[in-house]
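Welcome to this guided tour. Open your viewer, keep the selection tool handy, and follow along stop by stop.

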Amino acid sequence: MSFRMFCLLSLCPAVLCAETVSYEFDIGTIQRNFTGTPVTVLAIDQQVPAPTLRAAVGDTLRVTFHNRLEVNTSVHWHGILLPGDQDGVPYLNTQPIAPGASHTFEFPILHAGTFWYHSHTDLQIQRGLYGGIVLRERDSVEVLPEQVVLFSDWTDEEPDRVLANLKKSDDFYAWKKGAVQSWDRVIANGAPALRTRLDSALSRMGPMDLADVSYDAFLANGTTSSRVPSPAAAAGQMKLRLINGSTSSYYDVEYAGGPMTVVAADGQDVMPIRVQRLRISTAETYDVLVPLAAGQSLELRATSIDGTGYSSVYIGDGEAIAAPDMPPPNLFLMGHDMDMGMDMDMEPMAMGDGMPANSGTGRGDTDATGQNPEAMPMPMPAPGGAGSTLVGEDSPPTAADAHSAHSAPPPPMPQMAPAMGAVIPHLTDYEALIAASPTTLPQGQSWRDVHLTLSGNMERYVWSFNGRTAREDPQVLIRRGENVRFHLSNDTMMHHPLHLHGHFFRVVNRHGERSPLKHTVNVPPMGQVVIEFDANESQDWLFHCHNQYHMKTGMNRVISYEESSLLTPAIAAQIQPYQRWFSLSEFHLMSSFMDYEFTLSDERHSFDFELDADLSDTYELHLFYNYHFNRFVAGFAGIESRQHHHENNHDIAVAGLNITLPLMIDSEWRLDDHGEFRLELESELQLTRQFGFDWRWNTDNEYRYGFNYRLSNRFSITVHRDTEYGDGIGVQFFY
Ligand SMILES: [Cu+2]
């Protein structure tokens, strides 16, 4: 349910006639069916996505939520400048909305653009709590029909379960979607793939990964495929407000009607550029103009960059015209020293305009230089006036439109300008974006440089900044009146969409003073990005990876204004990952022995209990504590109790180090309380999707090797030869 309250309606000039735009919604559950399986989803106003909110600059937006769930919830206004206490991060700046409770947000609208709102509690985004926001200039007239397109990702699995699975096995979902990066596929991709993988293994990097989770469906406006009817009045093109409201997915967006013209990024106007294919990272928004064709229904397709699926919106009435199929990504040819984009054969970008090329967003495959002499000029949009009707079920006329009826004709909008230069085949970074007006920071403010390495451990599924999770190091201090520059350096093999609350930052690129303003920036695998912003706020704002699984496992920080921060250790503890300890149970049930291992771990510590026994009278019991210094080194201490065929019981205390060696060989260097030293080496090779080989050897000349054949992501058949237990066949599984 929503309603509007008009104030001073006919008593004031249009420019001053701000109003309070009010909405009131329940947050509850509804039944949906995305995949053939009925599921309970979280919904705002019984809709997924939530209703699109609309307001104009100068309005006050007032939104009341009634929490009908049995758990806390919250609402964050993504990308919108507002008072800190309205930002909606539970505990940090707005109290969570308790079950049965209501909360009203109220804040003035200071700027226009395409934004979105979503829950900031647990993994509720994954379950459906997101919706679009369209903010207009007060005196603007929309000359083009427009449509909000909100992309999201869906899994029938409970999101908590997804996270638990990611914690248990690093290729749990790679297995599910057939993306296990086994050696047979490396070899099948030839020498470059082999070189890339060996280079990675030598530098102890795992293979590149494009997505953590295997999704059951990709949605646009809540369905896998939908249609937007042709606008009522003739119009040559349409404005699409693209919002990526996904939990962790990136999309490559392509349109059947040819290139799209990007006119805004993250709600901020940019000089129009024409792109054939547009990469939209999690939590970003782009406004694009697309041509319409009479008698045709043109597909806008958003393909997940891992190639596992897409959503479609058909624009217009008539014959359905499909967008081109996206080539599947080839992970084997994307090494850490190679192009992270999809188009390996793109020409390098020229740096011709004398601006410093200091953003270095990895080596994207953008080609924005306009050197293509065959580039066609972009057709001018159809004139406004008669064609100014808004379109689509989520596009009611707004108060801004009503006001404009008695205001002077608007000045030409930036999106009316023709896009210059060639069509960019595939926009995957920010080098081609030019802000519509200068974005330089205030002169004379002092600068603060903050270096943040994006770090992670894929095997243990821990994500962090500078090797430390938010729980360990919650805060970055800045001061009001500074120009703050973040040097972001991605040390992992995944993309990270980083989002700063409450501020726009410049993504420093080769366009110098016209570097674009954004609120979310992708940092590609092994790439670097520099962002900078005017520290003109106060108190505390979150900065985090918007991949919700990365955020929840540590990749976030509170950016605190030193002089006014309200962050206490108690609050920091409340806002940080809601689940700290994860467990893993592994079983080997062999004809010759059994082995059970239980591990309980957080980002820094783990406790291991392991019991080996054969069918007679040999057993070993281990109880270890491990401290994980970083991705490669852990220290351990513990006790080991051994009983071997009629020998006396033998208890020893041991301590040592686990070190990951080049080629991803795990080594254990240990000393026991008799002063005896032992080095043990082990590793696993995934030969094919299902076949694996593993081996272990130590300086006491004990060894074990064998094969396993994987039947599901939890269950394998295995044969092993073991110096202690002999030969055996059996099963292994984990949960
Ligand atoms: Cu991330």
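Colour the chain by pLDDT, the predictor's confidence in each residue, from 0 to 100. The mean pLDDT of the chain is 86, and 85% of its residues reach 70 or more. Now select residues 1–15, where the pLDDT is below 50; beyond near neighbours in sequence, this stretch has 24 contacts in the model. Two residues are in contact if their C-beta atoms, placed from the backbone, lie within 7 Å. Residues 336–418 also have a pLDDT below 50, and that stretch has 176 contacts beyond near neighbours in sequence. Where pLDDT is low, the predicted coordinates should not be read in detail.

This is a predicted model: local features need pLDDT of at least 70 and side-chain atom pairs count only at pLDDT 80 or more, while totals for chains, interfaces and linings use all residues. Residues are numbered from 1 along each chain as its sequence is written.

**The whole chain**

Switch to a cartoon view. The secondary structure comes to seven helices and 43 strands. Helices (H or I, at least four residues) and strands (E, at least two) are DSSP runs, numbered from the N terminus. Of the 735 residues in the chain, 46% are buried. A residue is buried if 20 or more other C-beta atoms lie within 10 Å of its own, exposed if 12 or fewer, and partly exposed in between, with C-beta atoms placed from the backbone. Among contacts with a separation of 6 or more, 68% are between residues 24 or more positions apart.

**Stop 1: an open sheet**

Select β2, β1, β4 and β6. These four strands form an open sheet in the order β2-β1-β4-β6, with mixed pairing. Its edge strands are β2 (38–44) and β6 (102–108), and each pairs on one side only. Two strands pair if DSSP finds at least two bridges between them. Strand β4 (residues 60–67) pairs with β6 in the antiparallel sense over seven bridges. Click on Leu 61 and you will find Phe 107 of β6 opposite.

**Stop 2: an enclosed strand**

Next, select β9 (residues 146–154). How many of its nine residues are buried? Nine of the nine are, so β9 is largely enclosed by the rest of the structure. In a regular strand the side chains alternate between the two faces of the sheet. Here one side carries Glu 146, Val 148, Leu 150, Ser 152 and Trp 154, and the other carries Gln 147, Val 149, Phe 151 and Asp 153.

Strand β10 (residues 217–220) runs antiparallel to β9, with four bridges, and Phe 151 stands opposite Ala 220.

**Stop 3: a nonpolar core**

A nonpolar core is a set of buried Ala, Val, Leu, Ile, Met, Phe, Trp, Tyr and Cys residues joined through C-beta atoms within 7 Å. The largest one has 144 residues, and those with the most contacts inside it are Val 262, Val 288 and Ile 531.

Zoom in on Val 262, in strand β14 (residues 260–265). Val 262 counts as buried because it has 24 C-beta neighbours inside 10 Å. Its contacts include Val 270, Pro 272, Leu 278 and Val 288. Then move to Val 288, whose contacts include Leu 240, Met 260 and Leu 278.

**Stop 4: the barrel**

Finally, select β32 through β43. These twelve strands make a closed barrel with antiparallel pairing. Neighbouring strands are turned by 20 degrees against each other on average, direction ignored (axes are lines fitted to C-alpha atoms, for helices over the stretch in contact, and angles run from 0 to 180 degrees between N-to-C directions).

Walk along part of the barrel:

- β39 (residues 677–686) and β40 (residues 691–698) are joined by seven bridges, and Glu 682 stands opposite Arg 696.
- β40 and β41 (residues 703–710) are also joined by seven bridges; Gly 692 has Asn 708 as its bridge partner.
- Four residues lie between β40 and β41 in their hairpin, where Asn 701 takes a positive phi near 65 degrees.
- β41 and β42 (residues 715–722) pair over seven bridges, with Phe 707 opposite Val 719.

Definitions and conventions:
Lists of a residue's contacts leave out its neighbours within four places in sequence.
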